[in-house]
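Have the sequence and the 3D view open as you read.

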Amino acid sequence: MSGTKLQNGTARNILTIQQINESLVRGLARVWQCKKMAEKGLAVQERAKTLGLNKRTFARYMNLCYLAPAIVADILEYKNPKHFTLRQLMDLAEGDSDFKQQEKEWEKGSAKMGFCSI
């Protein structure tokens, strides 16, 4: 995700809502790739290297395997909160594996940011 650092130290997202949503969908596609490689029994370092990721980023993608199905469905149906980035999605997946809690956090993001409609 890219952003621009402003003089006052805050970051401003320079992507459109559609671009943000597409990055979430691409993120989910990458998760599928990671999962398929894991099922083949490849070592973590091999999987990460094949996808051009470091081990930490690879692990964050793997955490997305444990996202609540309702969240995945929302993303694929373009019903994600506006401005909800892939990094925030990874933080959400990393923070809690309880689907109900994830959905609650997702709803909070929706309430704060509004829903995306493309």
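Contact here means heavy atoms within 4.5 Å.

## About the model

This is a predicted model, in which local features need pLDDT of at least 70, side-chain atom pairs count only at pLDDT 80 or more, and totals for chains, interfaces and linings use all residues. Residues are numbered from 1 along each chain as its sequence is written, and side-chain values use heavy atoms, with hydrogens and water left out.

Let's begin with Arg60, which sits in helix α3 (residues 55-63); helices are DSSP runs of H or I, at least four residues, numbered from the N terminus. Arg60 counts as buried because its relative accessibility is 12% (buried is under 20% relative accessible area and exposed over 50%, with a 1.4 Å probe and protein chains only). Apart from neighbours within four places in sequence, Arg60 contacts Arg87, Met90, Asp91 and Glu94.

Helix α5 spans residues 86-95, and its buried residues are Leu86, Leu89, Met90, Leu92 and Ala93. They lie on the same side of α5 because they cover an arc of only 160° around the axis, taken from the directions from the helix axis to the C-beta atoms. Arg87 and Gly95 are exposed on the other side of α5.

## Where α1 meets α3

How do the axes of helix α1 (residues 17-39) and α3 cross? They come within 8 Å and cross at roughly 100°, so α1 is roughly perpendicular to α3 (65 to 115 degrees). The axes are lines fitted to C-alpha atoms over the stretch in contact, with angles from 0 to 180 degrees between N-to-C directions.

From α1, Gly27, Arg30, Val31, Cys34, Lys35 and Ala38 meet Phe58, Tyr61 and Met62 of α3.

Terms used
Helices (H or I, at least four residues) and strands (E, at least two) are DSSP runs, numbered from the N terminus. Angles under 35 degrees count as roughly parallel, over 145 as roughly antiparallel, 65 to 115 as roughly perpendicular and the rest as oblique.
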